[in-house]
Amino acid sequence: RDCISALPPPAQSSRTRTSAMPELPEVEAMRRMVEDHCVGRRIRRVVAREAGGGPRDGKFDDKVIGEGVTEQSFVDALTSREIRSAKRLGKHLWLELSGSGPHLLLHCGMTGSLAMDGIERFSFQSFSIDEEWPPRFT
């Protein structure tokens, strides 16, 4: 079972924001999901190609991954390493990995999300704010 997959955003629903851009609570929820389900596990397979269905679908994007980094060197740098921890600063999420070599930094941008096989997919929640003042807590 693969631990993490980068997937396009979920389909819009009545409970989903009009703009499905991940904000701090969503990124923290993704970090906790990785921490709960992936820390201590090894990376068995890396798919380093776009999967969002856009014009770059199925292609390796060295502008996003890192200029001068080849698809094979990226795959080799991550495969078989253990995920030691999941950290977050603002909207950046990174995985600290075992052994020598780079760690993985993720930024979900405007539409990104993480999904795991067998784990309910995180969805962006909508809410409204009551303008009543002073606020009342029930």
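Trainee: Does Arg88 count as buried, partly exposed or exposed, and at what relative accessibility?

Mentor: Burial is read from relative accessible area, where buried means under 20% and exposed means over 50%, with partly exposed in between. This is a predicted model, and in it Arg88 counts as partly exposed because its relative accessibility is 29%.

Trainee: With which side chain does Arg88 meet in a salt bridge?

Mentor: The side chain of Arg88 meets that of Glu28 in a salt bridge, at 2.8 Å from N to O. This pair links distant parts of the chain, since Glu28 belongs to helix α1 and Arg88 to strand β2, 60 residues apart. Glu28 has 15% relative accessibility and therefore counts as buried.

Trainee: Which salt bridges does Arg31 form, and what are the N to O distances?

Mentor: Arg31 forms a salt bridge with Glu28, their closest N and O atoms being 2.9 Å apart, and the side chains of Arg31 and Glu35 meet in a salt bridge at 3.0 Å, N to O. Glu28 and Arg31 both lie in helix α1 and are three residues apart, about one turn of the helix. Glu35 and Arg31 are separated by about one helical turn because they are four residues apart in helix α1. As for accessibility, Arg31 counts as buried because its value is 12%, whereas Glu35, at 37%, counts as partly exposed. Salt bridges that share partners join Glu28, Arg31, Arg32, Glu35 and Arg88 into one network.

Trainee: How many salt bridges does the count come to?

Mentor: The count comes to seven salt bridges, taking a side-chain nitrogen of Lys or Arg within 4 Å of a carboxyl oxygen of Asp or Glu.

Trainee: Let us turn to the sheet. What is the order of its strands, and in which sense do they pair?

Mentor: Strands of a sheet pair through backbone hydrogen bonds, and the pairing is either parallel or antiparallel. Here an open sheet of three strands has the order β2-β3-β4, with antiparallel pairing. The edge strands are β2 and β4 (104-107), each of which pairs on one side only, and the twist averages 20° from one strand to the next. Over six bridges, β2 (residues 83-89) pairs in the antiparallel sense with β3 (residues 92-97), while β3 and β4 pair in the antiparallel sense over four bridges.

Trainee: Which residues are the bridge partners of His92?

Mentor: His92 is the bridge partner, in β3, of Leu89, and His107 is the bridge partner of His92 in β4. Between β2 and β3 there is a hairpin with two residues between the strands, in which Gly90 takes a positive phi near 60°.

Trainee: Which residue has a positive phi although it is not a glycine, and where is that residue found?

Mentor: Ser80 has a positive phi of about 75° although it is not a glycine, and Ser80 is found in the loop between α3 (71-78) and β2. Ser80 counts as partly exposed because its relative accessibility is 47%.

Trainee: Which residues of the largest nonpolar core touch the most other members?

Mentor: A nonpolar core is read as a set of buried nonpolar residues joined through side-chain atoms within 4.5 Å. The largest such core has 21 residues, of which Val34, Val46, Phe74, Leu78 and Leu95 touch the most other members. At least two residues of this core come from each of α1, α3, β2 and β3, and α1 gives the most, with four residues. If its neighbours within four places in sequence are left aside, Val46 is in contact with Phe74, Val75, Leu78 and Thr79.

Trainee: Which elements have the lowest and the highest mean pLDDT, and where does pLDDT stay under 50?

Mentor: pLDDT is the predictor's confidence in each residue, from 0 to 100. pLDDT stays under 50 over residues 5-19, for which the model has 36 contacts beyond four places in sequence. For the chain, the mean pLDDT is 79, and 76% of its residues reach 70 or more.

Definitions and conventions:
Residues numbered from 1 in each chain as written. Predicted model: local features only at pLDDT ≥ 70, side-chain atom pairs only at ≥ 80, totals over all residues. Heavy atoms only, no water. Contact = heavy atoms within 4.5 Å. Pairing = 2+ DSSP bridges. Axes fitted to C-alpha atoms, helices over the stretch in contact; angles between N-to-C directions. Buried < 20%, exposed > 50% of the residue type's maximum accessible area, 1.4 Å probe, protein only.
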